[in-house]
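Trainee: Please put the model up, and I will ask about its strands and helices.

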Amino acid sequence: MDGIANILNKKVIFITGATGFLGTALVERLLRCTDECQIVLLIRSSSRTSALRRLDKDLLNNDCFDPLREQLGDRFHDVVSSRVTVVEGDVTRPGLGLDQQGMEQLARCDIVIHSAAAVAFDSPLDGAIEINLLGPSRVAQAIRDASVLRLQHIAQTQTTQPTQDASTATHLISISTAYVAGTHQGDAEEVLSTQAIARNRSSRTTTTVTTDVDIEAEIDFARRLRSDLQTESRRPERLKSFVSAARKEMGSAGPHLLAERSERLRQDWVKESMVEAGKLRSQSMGWPDAYAFTKALGERMLTQQYQDIPISIVRPSIIESAISQPYPGWIRGFRMAEPIIISYAKGLLKEFPGTPEGIIDVIPVDMVVSAILAVAAHGPSFPEDEQSSISTPLRSANTTSQAGNPPVAVYHVATGSRNPLRYGTLVDLVKEWFSANPLYDADGQPIDVPEWSFPGRGRVQTQLKRSIKVLSLLERINSTVPVHSFGQDLSARLEESRTKAQRALTYAELYGAYTETDAVFMIDRLLALYSMLQDNDKREYCFDPATIDWTTYVRQIHLPSVVNHARVRTSPTSTRSVSRSGRALKAILSPDREMAVFDLENTLVSANVVDSYVWLATRHLNGSDRLSVISKLVVQLPRLVAMDRKDRGDFLRTFYRFYENADIDALQKDALEFFHSYIMNRSYPAGLARLKKHRNLGHRTVLITGSLDFLVAPLQPLFDEIICARLDVRDKRATGRLAAPPPTGEARALLLARYAEANDIDLSQSVAYGDSVSDLPLLESVGFPVAVNADQKLSAMAKKRGWHSENWKTAAPQAKQLTAIPPLSNGQSLTGFLLSRAFGIMSQARQGGSRYAPGKPDAGDAGTRRHTASPDRSDQVAPRLASAEVRDTRTTPRLASKESKGTSKVRGTGRDSR
């Protein structure tokens, strides 16, 4: 056999799936190891990125090309441009979606390497069928359709008229998987299942599951199932469940976000149902999942319907990091083993399905590339004088029934039959390596890797499912704890534990079948091909598994690469100069930012609208009347909390009705005292420091809050703009209504967008700080969202989305006022007053009576129960906020329902406007 590079230099090679792991390595090797080979790449465009742009972004920018980039220097892009052609297309579309120019490019190709695939083991059934099952046949049909153009192309370069035969036909190399063997046990030969079925060979004596499958019926079923599930997902009962789940998850985030989330839940339900259908259907037919099932059917359809096309099928096992080329350890993305290895190193996985003596059949990616290029150089079949090196069963099994057509050559690229890596050996190597090179936790402590057990898959899944149910129940219970309490930390821990258990369950379900496989993939044909190579090609294109030293590969090549790509902590102080949180904070405080937007409550101060109301309402009351105000608030607390969780705007509108008939001048005077005596003690120094940093950097600062204007007026010098709620006023008294809709939820995002447009500010270059899920629209509207003291729902969302999170605390908590109730006029605290009253009540009880008794419900007061200190003073507890002139009458604001906000803008005076 002539040298591989010499043969391929004369070829034009068409490649699908070039932006994937294997495809990237293929393109790199062809560019680096051949000088003249022309490459045509089928790349799918997206709505935002053209196929040509993806060549640079998704392929050439990968570090796989670093050695070649270093070798060529400034000539790199010129060489690539002269040898690589991009055509736009998609293997899920008829004719690959090629236009006339694309078909002409395909027609001039001598070899087509089809490596595009849906490689996820949990792909939806219909998606796997469209790509894995129908993809190879669509490629073959496109080759057939381009054959006339190909003959015309060849005629232009020859003196005689070419005929359509094996010498002019395009050679199709379809990349499949060794796991088309499914649940086969024992030696799996390099044999087509279609030919085994034709010769009535059972699955016990051949390479793969030989269950007869009506492929057209499977395709039709998957497509109809998608349609049926879409219809089912839109039934009223289903829609109600999606809306309910979205509301539980997002609370008062806003109607549009709730609608988006409920629609996403509907789509996810359809997808998850398709994934489950694919898994169950595949297992019922003898394959572990939809990936192996559709790959097997794809082989069958291709070889049955396109016998006029020279075809080779290459079946790799589990492809892992490179052993030598382009450099040792190169890998793109996480494969099957990496998530399991990293989870074990972090102490998250202590057991996983499998048997110590079982074979983990992994193969370095560069060996797979070498095998594919050897097949491409050799052609689709063996000459007669080469057949003697291959066993008789393989020769007879790979002949086609149609005379005159070349046989289909099948190659396993695997290690299990020649140089097996035992599961127990792999675990020992991993444990020894991470014992010597441990990962570190968030506290800078080394993580001890656990002793690995080898339980059955069923036991592991049962235990994990039980743990997930218990943790989910605890999360639901904890979600009833009021926000901004100790429940927040507990929620974070519960969520983290549940996420770990869910991740482990996913790994067990996806990969358990592959760690427990009993098939041993034979490589007789592969070794026969390898024996034909020249000595220099055996070195440059080595694919003999016997050359792998597993100890060296695992310890010195694969594990260091996995750890590097996982970006995990490998030293007490992070291996990287700046942590992820540090990088995020640096970006947030960059001079390039244009605006910083702050929420107020529980973001800059540990206070809320209820605190301010209670303080103002009780400012000039004695102990008994204060107790009446607090009693009403306690009675309505469950309704208020429920309303706030459902809709923050409705809560504010209702709550601010308590200010009905309040004297505005008196409120403004008391509000200033409230700010200095209460709010300043409840502020977050870190938050105020952050605000100052933004101002020093020249960022425009904006406060947007549901608090009332007279309460936030003292903050005016700190902000360029304050957007807040404002009470409707008539004759200097509040009407109990708002002057405009409150700036909450989605209204905040709209107001901010208008403000940014009016001031020529780029929101993508702005920062926003919020604490609650109701702030989600605000946070989503900017490029740099920050979750501060986040409630349970926002904390979970921020973690999933990778947002920066911080926890700010008030200063000197032991010295702060713990309640929003001012001292009595005689200096006595409410606690002291309540204790003295308690002793008085007990004394009266011993005398046969008590002066405290609940009064009747007040129909005009939203169902609240009116408590009076004594019958002759009931008129002193009135539903009005006292004015400065009548405070001696000890009147209090009415205790209605939740708060609502009108919008007010308070212009800042802290610095010159821009």
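Trainee: Which residue in β5 stands opposite H114?

Mentor: This is a predicted model, where local features need pLDDT of at least 70, side-chain atom pairs count only at pLDDT 80 or more, and totals for chains, interfaces and linings use all residues. Residues are numbered from 1 along each chain as its sequence is written, and side-chain values use heavy atoms, leaving out hydrogens and water. β4 (residues 111-114) and β5 (residues 171-175) pair in the parallel sense over 4 bridges; strands (E, at least two residues) and helices (H or I, at least four) are DSSP runs numbered from the N terminus, and pairing takes at least two DSSP bridges. Opposite H114 stands S174.

Trainee: Which strands stand at the edges of the sheet?

Mentor: The open sheet has 7 strands in the order β3-β2-β1-β4-β5-β7-β10, with parallel pairing. Two of them have a single partner strand each, so one side of each is left without a neighbour in the sheet. These are β3 and β10 (409-413).

Trainee: What angle does α2 make with β2?

Mentor: α2 lies across β1 (12-16), β2, β3, β4 and β5. Axes are lines fitted to C-alpha atoms, for helices over the stretch in contact (heavy atoms within 4.5 Å), and angles run from 0 to 180 degrees between N-to-C directions. The angle with β2 is about 160°.
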